[in-house]
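I opened my notebook to look up a few things about this structure. Here is what I jotted down, entry by entry.

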There are 2 protein chains.
Amino acid sequence: MQLPSPYALFLGDADRLSAKTATGIAYWRPERCVAQVTLPGCSADLGLPSLSPRAAHAAGARLLIVGIANVGGLIAAHWLPSLLEALEAGLDLAAGLHHRLADVPALAQAAARLGRRLYDVRQPQPGQTPMATGRKRQGRRLLTVGTDCVVGKMFTSLALERELQRRGRPATFRATGQTGIFIAGSGVSVDAVISDFVAGAAEALSPDNAAEHWDLIEGQGSLHHPAYAGVTLGLIHGSQPDALVLCHVAGREHIDGYEDYPIPGFPEAIAANERAARLTNPRARVIGISVNTSKLSAAEGDLYLRALQQQAGLPCCDPVRSGVAPLADALLELE
Amino acid sequence: MQLPSPYALFLGDADRLSAKTATGIAYWRPERCVAQVTLPGCSADLGLPSLSPRAAHAAGARLLIVGIANVGGLIAAHWLPSLLEALEAGLDLAAGLHHRLADVPALAQAAARLGRRLYDVRQPQPGQTPMATGRKRQGRRLLTVGTDCVVGKMFTSLALERELQRRGRPATFRATGQTGIFIAGSGVSVDAVISDFVAGAAEALSPDNAAEHWDLIEGQGSLHHPAYAGVTLGLIHGSQPDALVLCHVAGREHIDGYEDYPIPGFPEAIAANERAARLTNPRARVIGISVNTSKLSAAEGDLYLRALQQQAGLPCCDPVRSGVAPLADALLELE
């Protein structure tokens, strides 16, 4: 699946928090975003021109992405006039919600009538995923892993892609979740893959490549998560990473939403992820730690990272506050 | 999903090997099987009366199970006359193949017209599986794990159910694969579940129960399998087993079909499975080893098991040759 672009980002009547997907797309791929499409009451603002779907198409957009999330992952009825206008104007539609665009009869009928496409990126692509082979592939691979969900794995992978490309190194971000897929324009939503095919999907996502090329693969979940560890393990095995970066949120004490499950210590998390990865790549190792220190002041965050770096003996950084240059250094030392 | 019974087992023109599913059902649930249905050329024989679908219904059968497997998991065109006769005679149909009965138009139409049901047990039941909660449930649970796929996990779980029930202990086999589901009459085909929901499906499969009740959960895959370890991990986490039994085939040297992946040593396999299980049940431990020694003579097999028992410090047995009484003893010692 390769998404058409440029993008127009549909915000509906969202606030800043529920526009997280659109915010990520606009932050990482500004060159691909030409407009935002809002409804009355919208308090999110990506700094893009606010246009109607028709005007967005005239401005060059080819895909309208539903860039908002809500509880339940629903397609709201009051979005339909905008989405139908987009189809009429010549835009394809994309969403990564639990519910599918293709299951809304008005959208399915309009798309069929007009020859437009509906991209439900969270849905498995039936019949296209092979079983994992376990065969070693050419090229280098980094996978971000985490002490929990929502700890900056996508952000860290994208920051590493940007840093390596800035240094003139061949590097490709590989997306495994909805927002990542919109940013990359392609990818596999691994949490929606049938369990038997997760490792195979990860193999297909980062195919053979030039020997010096780095795939920077977006991690999912955590080996320490009571609901999603299996997804994480399949992704680790299929990715065959040479390098892992452990991601963490400073101050988080238990798995988000699971009060009985403490966040693992760094040595434990590093050991578990290296052990898991070495089944399919015996050279795999954690090369650094990426920490979201936003709960701390800048000075405290700096102190935290320095202490952690000393304790772990690995480069540690906050990708938002200070970038990922030390992680990129460690990565290139592996070559 | 609860399957109707008694069963008639459809063998088509299968040989003994491809009738593995039917053989398992007839071996473990003879009281539920009233007939086999064969086509000319069939060389498999379950020792059941060979009847037409119509005669099987007259003999009491309520469900015709496609008890054979082929490469590709296809529903063969030359089976259709028998399957249609079964529907006409009043039988529901069940299969656990990759392809679905419900996707064969002739079967779907006949079932709809006659008010019969088609059970595709390998298919995920959409929208019914909750996310895993990680919450501790009442009752005891044993899960079989393996050094590889196809090493006797289902057989060992069923043998333990039989042995505990023989001793008057409350015990229930919980099925996670096609054959197991036909044997139990219900269950979840975990390899067909969307990856995010595997642990949740395992939680739902072995719900709260009486404190002294044992669920004997059929394991899947192996933590050491490059394609399926994620499925195994999700099943381990959701099952929250108090006890694990490690299953193995004596003489197997690499993961079946994956020549670059050696079978793990027993200490390594035991440590990996205990570590994984302790995330959701800190008391989990491997209580014994179940070995298929069929590649050895009876005397050699006995020698092998005695040496292994000494080395591992755990009860070891071949469930086919000598039963699982030592494993049941170890299990009941946990109480």
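**Domains of chain A**

I looked up the two domains of chain A first, and their C-alpha centres lie 29 Å apart. The domain assignment, automatic or from a database, gives domain 1 as 7–120 and domain 2 as 140–333. This is a predicted model: local features need pLDDT of at least 70, side-chain atom pairs count only at pLDDT 80 or more, and totals for chains, interfaces and linings use all residues. Residues are numbered from 1 along each chain as its sequence is written, while chains are lettered from A and ligands numbered from 1 in the order in which they are written.

Next I checked contacts (C-beta atoms, placed from the backbone, within 7 Å). Eight residues of domain 1 of chain A are in contact with six residues of domain 2 of chain A. Helix 1 (residues 20–28) of chain A gives the largest share of the domain 1 side, four residues. My helices (H or I, at least four residues) and strands (E, at least two) are DSSP runs, numbered from the N terminus.

**Chain B against chain A**

How many residues of chain B are in contact with chain A? I found 28 residues of chain B in contact with 28 residues of chain A. Helix 8 of chain B gives the most to this side of chain B, with six residues.

I then superposed the copies by least squares on the C-alpha atoms of residues with pLDDT of at least 70 in both. A rotation of 180° with 0.0 Å of shift along its axis puts chain B on chain A, with an RMSD of 0.0 Å. The two copies are thus related as by a two-fold rotation axis. The same surface serves both copies, as 100% of the contact residues of chain B recur in chain A.

For burial I counted other C-beta atoms, placed from the backbone, within 10 Å of a residue's own: 20 or more is buried, 12 or fewer is exposed, and in between is partly exposed.

**A:G72**

Is A:G72 buried or exposed? A:G72 is exposed, with 8 other C-beta atoms within 10 Å. I found A:G72 in the loop between strand 3 (63–66) and helix 3 (80–89) of chain A.

Technical notes:
Two residues are in contact if their C-beta atoms, placed from the backbone, lie within 7 Å.
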